[in-house]
Amino acid sequence: MDKFTKIIDRVLDHEGGYVFHADDPGGETKFGISKRAYPNLDIKNLTREQAIEIYRQDYWNRINGDKLPEEIAYQVLDAAVNHGIGNAIRMLQRAVNVADDGYWGPRSERALASKHPADVVLLYIAERLEFYTKLSTFSTFGKGWVRRIAANLRYAALDNDV
């Protein structure tokens, strides 16, 4: 089983099913796929399999998930789904202490390789928490986001199989 297949169910568990919350800037969503991001997609009738394929092609491949250590790959994919790919990469760059330009290149890869994965996960999650608190919708969705981060911390601490 490849890394993506191991972790996608956990991401989808965070995202849940069909939701159309008036305060969500993404609008109509299902499995975390939003109408705003995919305006031509029938969100209400989106299948789990279709969502998984979107996440593999449009998220996992763009974050180069296969090249990341497994314990970090999950965290970055979860953030890419929740915050956008650019934000997820910039957070990882800040966690490894390189310029957060959104380009994951050789300098970023070397910095990541020089750090212990557990330290990177903790720093990465700290970046996510700070990001959340700056969002105008934190008062509406913050409790759920903090629970998501708590689950990610537990996952990082307890699940050695990713």
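1. Aromatic cluster. In this predicted model, Tyr-132, Phe-138, Phe-141 and Trp-145 are joined by ring pairs into a cluster. The count of aromatic pairs comes to six.

2. Tyr-55 with Tyr-59. Another aromatic pair is formed by Tyr-55 and Tyr-59, with an edge-to-face arrangement, 5.1 Å centre to centre and 70 degrees between the planes. Both residues belong to helix H2 (residues 48-60), where they are four residues apart, about one turn of the helix. Tyr-55 has a relative accessibility of 0% and therefore counts as buried. Tyr-59 is also buried, at a relative accessible area of 12%, since the cut-off for this class is under 20%.

3. Geometry of H3 and H6. Helix H3 (residues 70-83) packs with helix H6 (residues 117-133) at an angle of about 15 degrees, and their axes are 9 Å apart. That angle makes H3 roughly parallel to H6, because angles under 35 degrees are classed that way. The crossing of the two helices, H3 and H6, is left-handed.

4. Residues of the H3 and H6 contact. From H3, the contact is made by Glu-71, Ile-72, Gln-75, Val-76, Asp-78, Ala-79, Asn-82 and His-83. H6 contributes Pro-117, Val-120, Val-121, Tyr-124, Ile-125, Arg-128, Phe-131 and Tyr-132. By type, the residues of this contact divide into 10 nonpolar, three polar and three charged.

5. Arg-128. Which residues does Arg-128 contact, leaving aside its neighbours within four places in sequence? Gln-75, Asp-78, Ala-79, Asn-82, His-83, Met-91, Arg-148, Ile-149 and Asn-152 are in contact with Arg-128. Arg-128 itself is found in helix H6. The Arg-128 side is worth checking in the viewer: with a relative accessible area of 0%, this charged residue is buried.

6. Leu-92. Helix H4 (residues 85-95) contains Leu-92. Is Leu-92 buried or exposed? Leu-92 counts as buried, at 2% relative accessibility. Residues up to four places away in sequence not counted, Leu-92 touches Leu-68, Ile-72, Val-76, Trp-104, Val-120 and Tyr-124. Between Leu-92 and Ser-108 the C-alpha to C-alpha distance is 8.7 Å, with the two residues 16 apart in sequence.

Note on methods
Residues numbered from 1 in each chain as written. Predicted model: local features only at pLDDT ≥ 70, side-chain atom pairs only at ≥ 80, totals over all residues. Heavy atoms only, no water. Axes fitted to C-alpha atoms, helices over the stretch in contact; angles between N-to-C directions. Parallel < 35°, antiparallel > 145°, perpendicular 65-115°, else oblique. Left-handed = near helix turned anticlockwise from the far one by under 90°. Contact = heavy atoms within 4.5 Å. Buried < 20%, exposed > 50% of the residue type's maximum accessible area, 1.4 Å probe, protein only. Phe/Tyr/Trp six-rings, centres within 6.5 Å; stacked < 30°, edge-to-face > 60°.
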